[in-house]
Amino acid sequence: MRQRPIGTATRGTTNPNRLRRMDRWIAAVHGPALRRCDDAPAAVDLGYGAAPWTAVELLTRLRTADPRTTVAGVEIDPARVAAARPYERAGLTFVHGGFEVPLETRPLLIRAANVLRQYDEDRVAEVWARLRSRLAPDGLLVEGTCDEIGRRHVWVALGPEGPRTVTFATRLGSLERPSDLAERLPKALIHRNVPGEPVHAFLRDFDRAWAAASPYASLGARQRWIAAVRALSADWPTTDGVRRWRQGEVTVAWEALRPRHA
């Protein structure tokens with residue numbers, strides 16, 4: 001007998017292109033792992049919501065990295081699965097389920113966007129562990145939060161062994177200061193944006209670097225962001241480079257931002 005899905009339904013809010021920043025990062029950073037897969041690499045859009053747009057878009061974007069990629073949209077609300085079924089096509093399916101990820105194969109990617117916001121902070125480690133246990137050996141779990149139209153987004157990337165990095169991504173033209181991204185911190189970090197916690201110190205230093213880079217504003221927000229991130233990298237372990245910074249991103253090692261006493 002199949003087990004009951006694990007978790008609770010989200011609000012289901014979704015919009016086309018909401019997760020484009022996360023998708024493009026995944027395709028760029030995790031693309032080599034997809035291409036190394038002997039079989040068609042499998043990805044999961046966990047908790048895609050009331051409409052199937054994010055799963056459809058994930059398939060399109062991952063296929064720029066490997067055209068063999070398949071995507072399964074997994075939703076705990078059976079009505080949402082039924083509504084999405086007409087959008088199925090080769091390489092795209094919709095499945096009723098939750099954090100148990102009820103697939104026969106272990107996916108190379110699980111993306112869980114705006115899913116854990118409704119849960120208590122003390123549930124995060126448990127959910128992360130469950131999802132990581134479902135990954136293929138070279139798999140990646142990406143869990144994070146964004147605003148309603150995808151201008152601001154923060155996510156954690158985890159391998160089977162645990163969390164690796166935190167990525168901050170934004171539409172630079174709408175950014176007043178980097179700490180504006182604090183409202184989109186994932187559940188593991190959002191309550192830790194207080195004095196004495198690493199993520200608070202990081203955002204404080206980022207704002208200072210942004211202010212110091214104000215002369216670059218005449219060259220555009222992108223050049224200001226690059227200058228600020230370059231200065232920030234002197235004290236914080238960024239794991240990417242100018243190619244990603246130009247996209248309005250910066251990725252930092254998890255160990256530098258992990259909550260104290262977590």
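A: The model is predicted, and every value here is computed from it. Strand β1 is mostly covered, with five of its five residues buried. Ala42, Val44 and Leu46 point to one side of β1, whereas Ala43 and Asp45 point the other way. In a regular strand, side chains alternate between the two faces of the sheet. Both sets in β1 are buried.

β1 has two strand partners described here. With strand β2 (residues 70-75) β1 pairs in the parallel sense, over five bridges. Within that pairing, Asp45 has Gly73 of β2 as its bridge partner. To get from β1 to β2 the chain passes through α3, and this β-α-β crossover is right-handed. With strand β4 (residues 109-113) β1 also pairs in the parallel sense, over three bridges. Here Val44 stands opposite Ile110 of β4.

Next come the aromatic rings. The structure holds ten aromatic pairs. One of them joins Tyr48 and Phe94 edge-to-face, at 5.2 Å centre to centre and with 65° between the planes. Tyr48 sits in the loop between β1 (42-46) and α3 (53-62), while Phe94 belongs to strand β3 (residues 92-96), so that the pair links distant parts of the chain, 46 residues apart. Tyr48 and Phe94 are both buried. Elsewhere, ring pairs link Phe168, Phe202, Phe206, Trp210, Trp225 and Trp236 into a cluster.

The largest core has 51 residues, and Trp128, Phe168, Phe202 and Trp225 have the most contacts inside it. Helix α7 (residues 198-212) supplies the largest share of this core, seven residues. Apart from it lies another core, of 29 residues, including Trp25, Leu58 and Ala113. In soluble globular proteins, nonpolar side chains tend to be buried together.

Beyond its neighbours within four places in sequence, Trp225 is in contact with residues including Phe168, Leu172, Leu175, Phe206, Trp210, Trp245 and Glu249.

Asp180, finally, lies in the loop between β7 (162-170) and α6 (187-190). Asp180 counts as buried because its relative accessible area is 17%, and the cut-off is under 20%. Not counting residues up to four places away in sequence, Asp180 touches Arg152 and Leu175.

Definitions and conventions. Residues are numbered from 1 along each chain as its sequence is written. This is a predicted model: local features need pLDDT of at least 70, side-chain atom pairs count only at pLDDT 80 or more; totals for chains, interfaces and linings use all residues. Side-chain values use heavy atoms; hydrogens and water are left out. Rings of Phe, Tyr and Trp (its six-membered ring) pair if their centres lie within 6.5 Å; planes under 30 degrees apart count as stacked, over 60 as edge-to-face and the rest as tilted. Helices (H or I, at least four residues) and strands (E, at least two) are DSSP runs, numbered from the N terminus. Buried means under 20% relative accessible area, exposed over 50%, partly exposed in between (1.4 Å probe, protein chains only). A nonpolar core is a set of buried Ala, Val, Leu, Ile, Met, Phe, Trp, Tyr and Cys residues joined through side-chain atoms within 4.5 Å. Contact means heavy atoms within 4.5 Å. Two strands pair if DSSP finds at least two bridges between them. A crossover is right-handed if, with the strands pointing away from the viewer, the path from the first strand over the helix to the second runs clockwise.
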